[in-house]
Amino acid sequence: MRYDELKDMIKDAMKAHDKVRLSILRQLHGEIKNIEVDERREATEADVDAMTKRLIKQTKETLEGSVKAGTNEERTETLRIQVAILEDLLPEQLSGDALCE
């Protein structure tokens, strides 16, 4: 996914009033913006994918902690939705059969 596509997705989430999607997309946008500021360069598609994977890992870890604690079902469900949104942003991974073709 390209950085400008992410910006468009944020705009669409704002228009749709989708708070969960908007929250995680803004978090991803902030992380990518940090790359641009810290490294003084434009974010590449590889940067966006790498940051998305990192954010998925962090969100899954938070989700596991929330499930183990078992205290806030609403927060746990929000984290599940955020992980699904982030996973949809990544390019589709090829399965074993597709790799052999």
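Q: Why is Arg2 called partly exposed?
A: In this predicted model, Arg2 has a relative accessible area of 41%, and because partly exposed covers values between the limits of under 20% for buried and over 50% for exposed, Arg2 is partly exposed. Glu5, with a relative accessible area of 31%, is likewise partly exposed.

Q: What makes the pairing of Arg2 with Glu5 a salt bridge?
A: The closest N and O atoms of Arg2 and Glu5 are 3.4 Å apart, and because a salt bridge requires a side-chain nitrogen of Lys or Arg within 4 Å of a carboxyl oxygen of Asp or Glu, the pair counts as a salt bridge.

Q: How do you know that Arg21 forms a salt bridge with Asp18?
A: Their closest N and O atoms are 3.8 Å apart, which means that the pair meets the condition of lying within 4 Å. Arg21 is partly exposed, at a relative accessible area of 26%, and Asp18 is partly exposed at 30%.

Q: Why is helix α2 called oblique to helix α4?
A: The axes of α2 (residues 19–39) and α4 (residues 73–89) come within 10 Å and cross at roughly 60°; because angles under 35 degrees count as roughly parallel, over 145 as roughly antiparallel and 65 to 115 as roughly perpendicular, with the rest oblique, α2 is oblique to α4. The contact involves residues including Arg21 and Leu28 of α2 and Ile81 and Leu89 of α4, and its residues divide into 8 nonpolar, 3 polar and 1 charged.

Definitions and conventions:
Residues numbered from 1 in each chain as written. Predicted model: local features only at pLDDT ≥ 70, side-chain atom pairs only at ≥ 80, totals over all residues. Heavy atoms only, no water. Axes fitted to C-alpha atoms, helices over the stretch in contact; angles between N-to-C directions. Helix = DSSP H or I, 4+ residues; strand = E, 2+ residues; numbered from the N terminus. Contact = heavy atoms within 4.5 Å. Nonpolar A, V, L, I, M, F, W, Y, C, P; charged D, E, K, R; others polar. Buried < 20%, exposed > 50% of the residue type's maximum accessible area, 1.4 Å probe, protein only.
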